[in-house]
Amino acid sequence: MPGGPSRRRVLAALVLAPVALSPLAGCAAVGVDDGPDPLIALADAARADALLAAAVVAAEPDLAARVDPLQAARTAHAAALDAEIARLAGAPEPGAAAAATPSPADPSAAPTAAELAELRAAVTASARAAAEAALGLPAERVGLVASISACCATYGAVLG
């Protein structure tokens, strides 16, 4: 076809259009304030999951080998999310108090074996929430949130 674009060029333009336009969409979204940072809820969930994991280990020390890595990971997730929230807000990174390991729950209120299932459900819900949040985040934040989602989904499967 002389004078018109080739089929190959049209297909390439269709394939590359979303990639070419994605930085523009990210720039437009940065200036818009649609409410609280979605990472705040993810960081809160990470801290809650770590506390629940600590409570499960306090009640069932035999589960420590399975649950301690989850507690450490969720504590690290909370710290990483807090650092990213602070970075975007232009605030200094949170101090050691925000990244501290959560203390286990009161042993007198020891959880039952059913709380291992509760921990699994909480971590699975955290995986879903992070996956959903990643869909609306700018590219520089997606990697962190997607890796947290994958980690939580894996721990959900391991605890199952």
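This is a predicted model: local features need pLDDT of at least 70, side-chain atom pairs count only at pLDDT 80 or more; totals for chains, interfaces and linings use all residues.

Tutor: Residues are numbered from 1 along each chain as its sequence is written, and side-chain values use heavy atoms, with hydrogens and water left out.

Student: How many residues does the largest nonpolar core have?

Tutor: A nonpolar core is a set of buried Ala, Val, Leu, Ile, Met, Phe, Trp, Tyr and Cys residues joined through side-chain atoms within 4.5 Å. Buried means under 20% relative accessible area, exposed over 50% and partly exposed in between, with a 1.4 Å probe and protein chains only. Those with the most contacts inside the largest core are L39, L42, V67, L81, L116, L119 and V145, and its residues number 27.

Student: Which helices each supply at least two residues of this core?

Tutor: Helices are DSSP runs of H or I with at least four residues, numbered from the N terminus. The suppliers are α2 (38–59), α3 (64–89), α5 (114–134) and α6 (139–159).

Student: Why are α2 and α3 described as roughly antiparallel?

Tutor: Axes are lines fitted to C-alpha atoms, for helices over the stretch in contact, and angles run from 0 to 180 degrees between N-to-C directions. The axes of α2 and α3 are 8 Å apart, at an angle of about 155 degrees. Angles under 35 degrees count as roughly parallel, over 145 as roughly antiparallel, 65 to 115 as roughly perpendicular and the rest as oblique. The pair α2 and α3 is therefore roughly antiparallel.

Student: What is the handedness of the crossing of α5 and α6?

Tutor: The axes of α5 and α6 come within 8 Å and cross at roughly 155 degrees, which means that α5 is roughly antiparallel to α6. A crossing is left-handed if the near helix is turned anticlockwise from the far one by less than a right angle, and right-handed if clockwise. The crossing of α5 and α6 is left-handed.

Student: How many charged residues does the contact of α5 with α6 have?

Tutor: Contact means heavy atoms within 4.5 Å. Ala, Val, Leu, Ile, Met, Phe, Trp, Tyr, Cys and Pro count as nonpolar, Asp, Glu, Lys and Arg as charged, and the others, Gly among them, as polar. By class the contact of α5 with α6 has 15 nonpolar residues, four polar ones and, among the charged, one.

Student: Is D49 buried or exposed?

Tutor: D49 is placed in helix α2. Not counting residues up to four places away in sequence, D49 touches R74, L119, A122, V123 and S126. Because its relative accessibility is 4%, D49 counts as buried.

Student: Which residues does H77 touch, not counting those up to four places away in sequence?

Tutor: H77 is in helix α3 and is buried, with a relative accessible area of 11%. Beyond four places in sequence, H77 touches A46, I148, C151 and C152.

Student: How many Å apart in space are L137 and P38, C-alpha to C-alpha?

Tutor: L137 lies in the loop between α5 and α6 and counts as buried at 13% relative accessibility. Leaving out residues up to four places away in sequence, L137 touches P38, L39, V142 and V145. L137 and P38 are 99 residues apart in sequence, and their C-alpha to C-alpha separation in space is 8.7 Å.
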